[in-house]
Protein chains: 2
Amino acid sequence: MQKMFCWILLLLSVVQTNAQSDFTNQIRTYREKQSHVLLQEYVSFLAIPNLAADTINMQKNAAYIQNMMAKRGIQNIQLLFPTSPKIPPAVYGEVLVPNATKTIIFYAHYDGQPVDSTKWSKGLHPFKPTLLNGSLEKNATIINWPNEFEQINPEWRIYGRGASDDKAGVMAILTAYQALIANGHHPAFNFKFFFEGEEEAGSDHLHEILEKYAPLLQSDLWVICDGPVHQTGKKILVFGARGDAHVELTVYGSKRPLHSGHYGNWAPNPALLLAKLLSSMKSDEGKVLVKGFYDDVKPLTEREKKAVAAIPSPDQQMKTELGFISEEMPGKSLAESILLPTLNINGMQSANVGKLSSNIIPTIAIASLDLRLVPGNDYKKQQEKLIQHVKSQGYYVITKEPTDQERAEHPKIAKMVLSDGYNAQRTSMELPIAQNLIQAIQSTTNDQIVLMPSMGGSLPLYVFEKYLKATTITVPIANHDNNQHAENENIRLQNLWNGIETFAAIMMMK
Amino acid sequence: MQKMFCWILLLLSVVQTNAQSDFTNQIRTYREKQSHVLLQEYVSFLAIPNLAADTINMQKNAAYIQNMMAKRGIQNIQLLFPTSPKIPPAVYGEVLVPNATKTIIFYAHYDGQPVDSTKWSKGLHPFKPTLLNGSLEKNATIINWPNEFEQINPEWRIYGRGASDDKAGVMAILTAYQALIANGHHPAFNFKFFFEGEEEAGSDHLHEILEKYAPLLQSDLWVICDGPVHQTGKKILVFGARGDAHVELTVYGSKRPLHSGHYGNWAPNPALLLAKLLSSMKSDEGKVLVKGFYDDVKPLTEREKKAVAAIPSPDQQMKTELGFISEEMPGKSLAESILLPTLNINGMQSANVGKLSSNIIPTIAIASLDLRLVPGNDYKKQQEKLIQHVKSQGYYVITKEPTDQERAEHPKIAKMVLSDGYNAQRTSMELPIAQNLIQAIQSTTNDQIVLMPSMGGSLPLYVFEKYLKATTITVPIANHDNNQHAENENIRLQNLWNGIETFAAIMMMK
């Protein structure tokens, strides 16, 4: 009986292996042989600090990528600068195939989110990549980098800024091409590689680069590598991204900090004012109460609705993993929530807490607000709705520090500094090239891949559409629990390895 | 005509000078001669960091005070330690007068509030005392310390932690005694000096010292020097202080920071939860909505009400100076507000704002809350009311980090860490010794002195009552705009000089 059971298991596993293409197996074998070299190359890449504002280190990052390209035989390598040479350039390279009729551009970004290294866990540092034998949340510990004779466990994780967001994209794309060539394959497309250096700083100059280099950047499809795969671990294709814009909101109390005993509850407390103002923006059911906030939203097509319905629900798994039981909008699923425009508090601060706290009434209170947008929204319009909301709460709204005159005239004053932003974008799932892409990625895995009309996160996809009339589809590879944008960012090695197979399959698609 | 006007002015000024006692003038003349030496002594004192937790520097402060006492011929100088020798001791000294029937103890504290030196203005540092030619808020600039031939302008200010709160008390009291003796006066009282080293850390061990040294610390009156004079600049006597207790409130979201795009408005945002929770604690009219918050308040006596009615209103002046026009409780005067129990937000924090802000949903949000108490309130009862309020808002309240089990069972979780605290205290204005004190201080100034039933700030006065059955009256000397407890703390020299005259008069009272 037991023997028979084993036979069935073996049979099943053979069937499963066959479901993945031989091509994918070949890429995997190659990658396994190269693992130690790839790991070393990746860790040196992560060790270069990558804040967009850090010009010198961004130059080093760009040079490192140019070198990675050159080693792989990629041609016409160059830095694409916007108008100002101080802005991190995009790193460009290409492979032109004789008689190819179509061109795919692969996109990733090599800059990372701002870091607060004091918040990283003990032994970790944003720019000292560290290897752990699993996930920190599951009590993994720091381990030594493997020597060439040690097996690399795919559950190990590298911790460091950019490990998943989005140097992993650069690494997976370039290594997919390397594996393809090493195995003697001949793609049917021209490839172009475009690695941005300013994405986490808002891609403020991306449009300048696209405009300036428009002839070089013509293509049939931009494949964007950014963000995480589905929380179930399944591969995912994303046909759009939410737009994003920010508002930094500051409310004012006394001009100087006051003793909370001598003046408490007489002088206005900006922390309380901010708390009340933020509270006014959302109902207890998580609905944004800013007037007209959900207007302008373009509804999903039937095809998109069907795709959303087929998305496996990670909600319960995620709640257990993340340690909470109630959604911000009670009863709304994660998949539904991220198809809506939203308002998030990214951070909030007024004076100090904990040991640094003292008996004062703070002078100001600040909230960093994040507006996510869906197709139909215009980011400037959403910001304007928020301004109108703050005004409706009795605030005099300014964009600079209040003058004495303004303080003497207005009981409640708010400074609202608007960031640049960008709108959402969505590509139709029904385009032939989209169908081919779906099929290529499906060939790399036994699991049903997930198709999402929009990711929750944001990418400046509208810029590609606007300046190049380009079609974009996003192919994320990072583990969902990668702590993207926060402390302890990490990549699970298996996700990096899977990413290489995914991009190799795309490069060989019909 | 002009000449006649000048004569009238001169006459008026003579009348004014005469209204102050000859004794006060004598003290002033002495102090003027000593100004350079006193300034030097004070600046060296301020240069010693004085956080209660900084044991080594607190030892240096205590040694410095012992030396100041010894130079002035004060006797029986010693350090009074509580049970643990790691806690900063009180510095004690005494002057026993033959045939004296009464004893006054003078109290001040030499420790200061926590510092965040990054918040101090350019050129200033909490422990590098700096001289300015006026108030920073009025665009004063840093000037050199005067040499012995330069006149010292009484409008100059020293900036540094403890400059006003409360090393100024130590300095003024000891120098008053010095001036008395130098001018050959013979007080009718025994004097004792008691300088605490743990007041800003909550005076947690004061009661141990009072109990241990009870026989040494017997007296007819404790004169407490702490806090600012009235905002009009008039001298003030305060017959009580509010009590104080703290609660550190933390609310929880996901266990790890989440990307605000991928999870925004699905995962609960603790910054929003905290904003809503804090909002629920106060009405838009500044009334604390915590159930029973204003119960237990002991009403003022007729004498106290009369004193409150006579307090000059600084409200309009203060609002102009501080740059706001509406009170937290609209229409309530400052004098009225500080006779109520209150709830203040001292600080609030969730992730980061400004340049450090990133696109995340924070994991926690923290508020440091400050409860001020009036006679009748019990601090533990007030803290308990706040806990009940948080529970009434649907929170599961804990005192430690939530476990996975707790996270899986409760939709809203709040950690509330209660500080030790103390109750309010109030001495009757009608005691004969209180009347004599009022008269003594009135003799130093032409202005009508201000009598306040309670100061807004807190002092652990109940401890003196409880452990020594002592009578306390508070005599503040600092300028009201001293930035006590915050960055840029400062003392206006005229206030230090006036303080010396005040304490000299008290030492010679009937």
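**Figure 1. Burial and overall form of chain A.** Of the 510 residues of chain A, 53% count as buried in this predicted model. The secondary structure of chain A comprises 14 helices and 21 strands. The radius of gyration of chain A is 25 Å, close to the 24 Å that the globule rule gives for 510 residues, so chain A is as compact as a globular protein of that length. Along the principal axes, the C-alpha atoms of chain A occupy a box of roughly 80 × 60 × 50 Å.

**Figure 2. Contacts within chain A.** Contacts between residues at least 6 apart in the sequence of chain A are considered here. Of these, 79% join residues at least 24 apart.

**Figure 3. The contact between chain A and chain B.** Chain A contributes 85 residues to the contact and chain B contributes 84 residues. On the side of chain A that touches chain B, the elements giving two or more residues include the strands β10 (240–252), β12 (342–350), β13 (360–361), β14 (364–373) and β19 (455–458) of chain A. The helices α6 (270–279), α9 (334–337) and α11 (404–409) of chain A also give two or more residues to that side. β12(A) gives the most, with eight residues. By residue class, the side of chain A that touches chain B divides into 33 nonpolar, 34 polar and 18 charged residues.

**Figure 4. Strand pairing between β12(A) and β12(B)****.** β12(A) pairs with strand β12 (residues 342–350) of chain B in the antiparallel sense, over three bridges. Within this pairing, Met348(A) has Ser350(B) of β12(B) as its bridge partner. β12(A) is also the element that gives the most residues to the side of chain A that touches chain B.

Note on methods:
Residues numbered from 1 in each chain as written. Chains lettered and ligands numbered in written order. Predicted model: local features only at pLDDT ≥ 70, side-chain atom pairs only at ≥ 80, totals over all residues. Contact = placed C-beta atoms within 7 Å. Helix = DSSP H or I, 4+ residues; strand = E, 2+ residues; numbered from the N terminus. Nonpolar A, V, L, I, M, F, W, Y, C, P; charged D, E, K, R; others polar. Pairing = 2+ DSSP bridges. Rg over C-alpha atoms; globule rule 2.2 N^0.38 Å. Buried ≥ 20, exposed ≤ 12 C-beta atoms within 10 Å, placed from the backbone.
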